[in-house]
Amino acid sequence: MMFVHFAMKNIRAYRNRSLVTLLLTTLTTALLVFATAFMDGSHQKMLQNAVEIYPGYVQVTHQDFRDQPSLDNMIFDAKAVRQVLATTPGIAAFAARFESFVLFAGAEKAVGGMLTGIEPTAEEKLSRLASSLVSGAYLADHDGNQLYMGYELARRLKVKVGDELSFVGTGADYSFAADNLLVKGLFKTGLFEFDASAAFVSKGYFDQVMAAANYASHFIVLPANPSGADLLAAELNGRLDQQYLAESWRTTMAGLVQAMLVDSIFGYLTLAVIFIVIFFVILIYTWLTVFARMREIGVLRAVGTMPGQILQMLVTESVLLAMASVVLGGLIGGALAYYFHLHPIYFSFSEEQFKQYGLAASSMPTAFAPLVILRDMAVMFVLAVGSTLYPIIKANRVSPMEAIHHV
Amino acid sequence: MLLQIRDLSNEECMIYTKVLAVVLFSVLVSGTPVGASPVDDIVKKVEDNLNGKTAFMQFTMVVQTKRSKRTMKMDSWSIGKDKSFIKITYPGKDSGITFLKVDKAMWQYVPRIEKTIKIPASMMLQSWMGSDFSNDDLVRESSISEDYRGVLVGEDEAEYFLDLFARPEAPVVWGRIRMHISKKYFLPTTVSYYDEEGVLVRVLDYLEIKSFGQRSYPTHWLMRPQAPEKTDHLTEITIDHAVFDEAIDEEYFSKRALKRFSQ
Amino acid sequence: MFRVLLRIALLSLRRRLSRSLLVIAMIAMSLWGLLFMEGLYDGMTEQVIDNAIRSDSGDLSLFAREYRLDPGLERLLAEPAEIGRFLDEDSRVRSHVSRLRQDGLIATAHYSRNAVIYGVDLGAEDRHGRLASYLDAGAYDFGDKGRGALLGARLATKMKVTVGQKIVVSAQNSANDVSALSLRVVGILKTNNMALDENAVFIEMNKARELLMVPEGVSQLSVLLYNKEKVAAVQQGLRVRFPELDVLGWDELYPALRQGREMMEIFNLITSLLVFCVAGLGIFGVMLVSVLERLREFGIMLAIGTTFREIRTMVFVESFILGFSGYGGGVLLGGLTLLYFYNFGLDLTMFSAGLDAFGMDAITYALIRPSYFFTALAAVSVATLVSVLLPLRILKKARPIEAINKI
């Protein structure tokens, strides 16, 4: 306790040094906390967007579907899968889709694209389709030949809401499937390729036309806790029939996940460069104050204070300072992270770039994760105290006589 | 992920069954592969025997996949290799769907939507899975005598065995075709398709030769793909009725015909 | 007089050798980090852009009007030779190359897939954009009869074809018929330009003309300049000369890449500013202490006739010696590091899936631009200058002569 008392006194006595160290460490902590929050947040958001626009957190498909996405590798007993999904805990929502490649024929042009039967109400909770509406209306469960189509696809076919067009495709039984469709609404997810080729109808209707009752290309599943998608997928694989396969987005979107990792690595590399400099500065300031107090240290040694005690006193000082600044910095950084978590940062200038990577997002909320903030604070604390050790030890090695005569 | 969106939306993945009908154009009309050179005579004869000047046929096609079996019946009219008209007569759901192919352009009429659609080139070129005829079959009428060089590799009492090697320039995907030819009829009996590395890709059997007027013709065709993922697949064609070399109304080969003869 | 000042400055720095070395090390380390970061990130960004420019867009590309919205054989550059002559006369133009492009299909006995067929002149492409350098396997040669084809790496993987295997390409020709061509894969190109790697089949220009029945005319004319700064001027010239054509810069063809570069520039700027501010703070602390602890010394100097200007010069000299020694060390370290990564590159093969998603090469080669060293020099100068301003003011106010009497 005595050390703390001394240390507090000294901190006050060397106000300037304390202030600079405090300020630097605080700012650095705030910077680290915020930068981490921003990086994690933007990565999460990009992945979340990519996942939520259409593919979903967990997909259940026939095990061969990914390698051979043919009509042979569909889910042919959707009811059984549905039952498993309905009784598995930890699932917030799920829905079946039936995807089929068809030829869309407008008045002038025929264009190939993907026509998918969806369960409109359930789908609304699972993907961004409904919220990507730009004109007309989204589908309802009992819709008949009403079509919800990509904005770019509509442009290619030269149709708008209320117009009619036809599709010709192959039913699940390899029969010809064709019907006239009425454009009910247009959507724009921002993913050009998707918007230029995808269209949706209600699955009830589609099952009839495609002779696909009780069939599905896949189910998408929204875990109650999206970060537990992997666990849920594993759980589902245990419960589902062997021929089916549940995969989390981490598997289905492995490339993107890795891209984010690379980005994080470079982000931390940059932070490391900044931190090296900051800790040099803290080291230098500690150096300056410790040597400014050389005579004091010499006197203390001369009156019989043990080097260990002096060391303890000096370290206590820097621990106290570091603690205060880390807490302060953590609070500032955390507050910023929290604020921008609620009010995402909007990057209008980089929209194209995000689209290019199929990310379709330019508003970036920061991640607010108290545990990560604590981790960053701990890291900074260790670094802050660590950077003062060298000058302290160095000063302590000086003999009392040298110290007293130190100019 | 996105890659998956891309992959799913990739046409390649999806089956485009119209193709089955299209396949018939080439397989039925353009005839089965035959060769040239010392075996010229054999090949010529086979080609002539398979291709009439004109043909009217009624046939049944059964496509069997891992999980389903589907039967279709069709009527087809054709002149030479270039003009064909096909009408689906069964099942009732699909009946009345008509196809017209003139040279390399193709149209389809679907009564349910009362629309004639020109099948875009990209779609005709679409690869397709689930059916057992390759993409090569539907787009091009590869002519065996032009695209392959034949070698007689053996014979027994009943059959010649020919190896047909793709000419380097020929736009065909097969490396080699092994063809068994009946000595009695000068018609193929078994045709095996190999890729360039010598891997067997599919086998086509011509069975049950029957007489139609002056002509003998195989009436039961079996296409068996050999790829491991398609072991359960089988396409079977049975010719129920055929008339060769009688005049066919040119009317069938106009766009108007698609709707008119759909009934 | 200056020599004396220099000597005194050097001596005072030597008296606090450890401290001086610390400051120098700090500056050197921060420069090292910054240079490394800048060179590596720029290398990364420019590599991606360079890939797109070399493999496709050039600095500029000419198309028939609206070609990009609706590409087809009916929208061709009818007189590429005339454009070529015009470009040849322009001394700013380094090279140009024309391509014929059509969507089609590639097939083997086992698979078939959509592809984009490019009719090219390999020799011209290599002189133009060093296309041969992207060769991943096989040879960069269509053979005597032009029966070879170069495939994009991803396309080859998806088609499961390797060098030496036969492929059949087919496409709609100018008569709206489908024509086909049998070719042999002679090589695989990995440009990291995703559009090409995923879809491209490069074939000999004359073979393409034959296949597509296009005796003359080309789809695209790509232009490279000696000096990237002239792009806008050349573009303007071309627009005036060929008003009926679309003349587009690489950044119009790849807007996402331009944004990526802009983002990277902003990011680098912010990081550099941060680092230099902090480093400046470090120099400031040391200079402040070194001025304050020598108040008496300065008082004596002033008393024996040294002018304040001379003392100020001396302090500046000290500060600059620190700054430039650090700069020298940093440039040496950073330069050597960059030189290493310039020659050998940073191998991130372990993340190649993620890098592919961003269209980046697995090995990143650092850039070395003279501007890094000049801006760093300027920044160090400013930092050292600014950091002594306050100590000097304090010195002036402290009236050093009075300080002699202290203690």
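This is a predicted model: local features need pLDDT of at least 70, side-chain atom pairs count only at pLDDT 80 or more; totals for chains, interfaces and linings use all residues.
**A helix inside chain A**

Helix 7 of chain A spans residues 203-210, and six of its eight residues are buried, so the rest of the structure largely encloses it. The buried residues are A:K203, A:Y205, A:F206, A:D207, A:V209 and A:M210.

| Strand of chain A | Residues |
|---|---|
| strand 2 | 91-105 |
| strand 3 | 110-118 |
| strand 6 | 164-170 |
| strand 7 | 176-187 |
| strand 8 | 198-202 |

If you follow the chain just past helix 7, you come to A:A211, which takes a positive phi of about 55°.

Now turn to C:S57, which belongs to helix 2 (residues 17-57) of chain C. Is C:S57 buried or exposed? Its relative accessible area is 0%, so C:S57 counts as buried. Leaving aside residues up to four places away in sequence, C:S57 touches C:A52, C:Q220, C:S222, C:W250, C:L253 and C:Y254.

C:Y342 lies in helix 12 of chain C, which covers residues 308-343. Together with C:L332, C:L336 and C:L339, C:Y342 makes up a nonpolar patch on the surface. The accessible area of these residues together is about 420 Å².

Definitions and conventions
Residues are numbered from 1 along each chain as its sequence is written. Chains are lettered from A and ligands numbered from 1 in the order in which they are written. Side-chain values use heavy atoms; hydrogens and water are left out. Patches are made of residues with over 30% relative accessible area and no salt bridge: like charges are joined within 9 Å, nonpolar side chains (Val, Leu, Ile, Met, Phe, Trp, Tyr) within 5 Å. Accessible areas come from the Shrake-Rupley method with a 1.4 Å probe; for residues, only the protein chains shown count as cover. A salt bridge is a side-chain nitrogen of Lys or Arg within 4 Å of a carboxyl oxygen of Asp or Glu. Helices (H or I, at least four residues) and strands (E, at least two) are DSSP runs, numbered from the N terminus. Buried means under 20% relative accessible area, exposed over 50%, partly exposed in between (1.4 Å probe, protein chains only). Contact means heavy atoms within 4.5 Å.
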